[in-house]
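Work through the exercises below on aromatic rings and their surroundings. Each task is followed by a solution in steps.

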Amino acid sequence: MTPSFSPGRNIAVKVPPHAYEATVRFYRDVLGLRPLDDHLPHIGFAFGGMQLWIDRVAGLSQAEVW
């Protein structure tokens with residue numbers, strides 16, 4: 001039997017604190033993605049049928065996509 005896999009709806013971008021505000025501004029102001037404001041204080045954006053979440057993570061030196 002072959003396993004069946006399908007993607008979830010969420011993409012998480014883990015961002016170091018020093019780059020967090022600039023990253024949020026980029027997705028909101030430059031790309032014009034619609035903010036998801038129903039999960040505050042978490043910041044997310046509608047991205048087609050997906051949800052893109054920007055997470056501030058201490059200890060990172062660069063952003064990671066999960």
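The model is predicted, so local features need pLDDT of at least 70 and side-chain atom pairs count only at pLDDT 80 or more, while totals for chains, interfaces and linings use all residues. Residues are numbered from 1 along each chain as its sequence is written, and side-chain values use heavy atoms, with hydrogens and water left out.

**Exercise 1.** Classify the aromatic pairs.

Solution. Rings of Phe, Tyr and Trp (its six-membered ring) pair if their centres lie within 6.5 Å; planes under 30 degrees apart are stacked, over 60 edge-to-face, and the rest tilted. This rule gives 2 aromatic pairs. Phe-26 and Tyr-27 have ring centres 5.3 Å apart and planes at 80°, so they are edge-to-face. For Tyr-27 and Phe-45, the centres are 6.2 Å apart and the planes at 35°, so this pair is tilted. Phe-26, Tyr-27 and Phe-45 make up one aromatic cluster.

**Exercise 2.** Find the charges over ring faces.

Solution. The criterion is NZ of Lys or CZ of Arg within 6 Å of the ring centre and within 35 degrees of the ring normal. Lys-14 sits over the face of Trp-66, 4.8 Å from the ring centre. Arg-56 sits over the face of Tyr-20, at 4.0 Å from the ring centre.
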